[in-house]
Amino acid sequence: MENKLRVAIVGATGMVGQRFVLLLQDHPYFKITALAASGRSAGLTYREAVAGRWKMTSPIPESVAGMVVLDGGDVERVAKECDFIFCAVDMKKDEIKALEEAYAKAEIPVISNNSANRWTPDVPMVIPEINDSHLEVIASQKERLGTHRGFIAVKPNCSIQSYVPMLTPLLKFGIKEVVATTYQAISGAGRNFESWPEMVDNVIPFIGGEEEKSEKEPLRIWGKVQNGIIVPAEAPLITTQCIRVPVTDGHTAAVFVNFENKPPKEAIIEEWKNFRGIPQLLELPSAPEQFITYFEEDNRPQIKLDRDIYGGMGVTAGRLREDSLFDYKFVGMSHNTLRGAAGGGLLTAELLYRKGYLA
């Protein structure tokens with residue numbers, strides 16, 4: 001494809017930024033033309049900037065290794081080098097919000113991996129297969145920002161993608177209550193075992209702010225666009241616990257659910273099997289052929305066996321069965337740095353591109 005859109009990665013030296021670098025190699029729609037990070041990395045080549053902290057198993061692509069890193073805070077400079085940005089920075093929320101709005105006001109669309117704008121009423125928070133209709137609030141956001149082309153779109157918390165996809169096609173049966181416990185990989189904290197040896201042979205039963213996100217973000221995903229803003233759904237009731245476990249990549253969820261109208265088990269599995277979204281209909285480059293894969297085996301899904309399904313962009317479920325207190329229980333799993341982070345952001349960008357928002 002000729003005339004690919006130019007993309008900058010702001011926060012390119014972090015774990016999610018590194019994942020974006022790998023995913024964008026030879027992409028049919030986009031090409032990396034700028035890498036940006038904090039001031040301490042600015043002026044270094046990318047290879048120098050990530051020396052000793054490259055966390056990916058694949059090597060640094062030679063196409064970007066010699067690229068000089070820009071200061072991500074120099075919006076005017078970065079904006080000259082790109083048509084849109086992926087933003088995955090490690091800063092305070094108010095600083096992130098200000099930075100992302102600055103890029104948007106410079107007429108640079110922002111696809112954000114950060115949480116700062118997830119609850120901005122006119123910023124869409126998107127799982128492309130589920131709520132692509134939320135993109136229509138971008139028009140209202142542009143009006144507020146006074147922009148022609150610039151806007152912000154965000155992806156949700158990585159952990160909710162281990163169970164929200166499975167719950168979404170079941171909303172038609174009237175979900176009343178959900179209890180979910182997520183077992184989250186250390187890469188969700190931007191770490192590996194070398195940088196976090198305390199996690200070896202360990203479980204930490206607390207992840208700051210994670211339970212609030214896990215209980216509220218699904219309701220925003222399932223909300224509706226009204227008067228130019230996204231109004232979250234009021235139900236179902238969701239309660240969660242979030243636990244850090246000694247796993248490199250992949251978040252697992254143990255889920256319990258009650259319904260107004262309890263469906264047969266076979267109907268649930270059929271809903272999962274047939275669940276398609278616009279990424280599948282448009283055959284977007286990063287879209288998994290099958291969004292939800294259900295395993296009949298009692299010992300699946302497993303992190304090592306299943307996190308990379310469809311390039312890490314599919315989600316998996318298993319062990320669906322009736323429960324003594326709830327109607328059903330099941331296990332879900334997703335790759336947190338692919339589907340849950342950079343891959344989800346890239347899929348959102350592909351959808352925005354095909355819908356004309358990045359033109």
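Me: How far apart are the mean positions of the positive and negative charges of the protein chain?
Reply: This is a predicted model. The protein chain carries 40 positive and 46 negative charges.

Me: How many disulfides does a search of the whole structure find?
Reply: A disulfide needs two cysteine sulfur atoms within 2.5 Å. For C87, the nearest cysteine sulfur is that of C82, 11 Å away. For C242, the closest is in C158 at 9.5 Å, too far for a bond. Over the whole structure, the number of disulfides found is zero.

Me: Is C242 buried or exposed?
Reply: Buried means a relative accessible area under 20%. The value for C242 is 1%, so C242 counts as buried.

Me: Which strand holds L5?
Reply: L5 has a relative accessibility of 13% and therefore counts as buried. Beyond its neighbours within four places in sequence, L5 is in contact with several residues, including Y29, F84 and L358. The strand that holds L5 covers residues 5-10 and is β1.

Me: What is the radius of gyration of the protein chain?
Reply: The protein chain has 13 helices and 14 strands. The globule rule gives 21 Å for 359 residues, and the value for this chain is close to that, so the chain is as compact as a globular protein of that length. The radius of gyration is 20 Å.

Me: What percentage of the residues of the protein chain count as buried?
Reply: The C-alpha trace spans about 60 × 50 × 40 Å along its principal axes, and the chain exposes about 15200 Å². Of the 359 residues, the share that count as buried is 58%.

Terms used
Residues are numbered from 1 along each chain as its sequence is written. This is a predicted model: local features need pLDDT of at least 70, side-chain atom pairs count only at pLDDT 80 or more; totals for chains, interfaces and linings use all residues. Side-chain values use heavy atoms; hydrogens and water are left out. Buried means under 20% relative accessible area, exposed over 50%, partly exposed in between (1.4 Å probe, protein chains only). Helices (H or I, at least four residues) and strands (E, at least two) are DSSP runs, numbered from the N terminus. Contact means heavy atoms within 4.5 Å. The radius of gyration is taken over C-alpha atoms; the globule rule is 2.2 Å times the number of residues to the power 0.38. Accessible areas come from the Shrake-Rupley method with a 1.4 Å probe; for residues, only the protein chains shown count as cover. Lys and Arg count as positive and Asp and Glu as negative; His and the chain ends are not counted. The place of a charge is taken as NZ of Lys, CZ of Arg, CG of Asp or CD of Glu.
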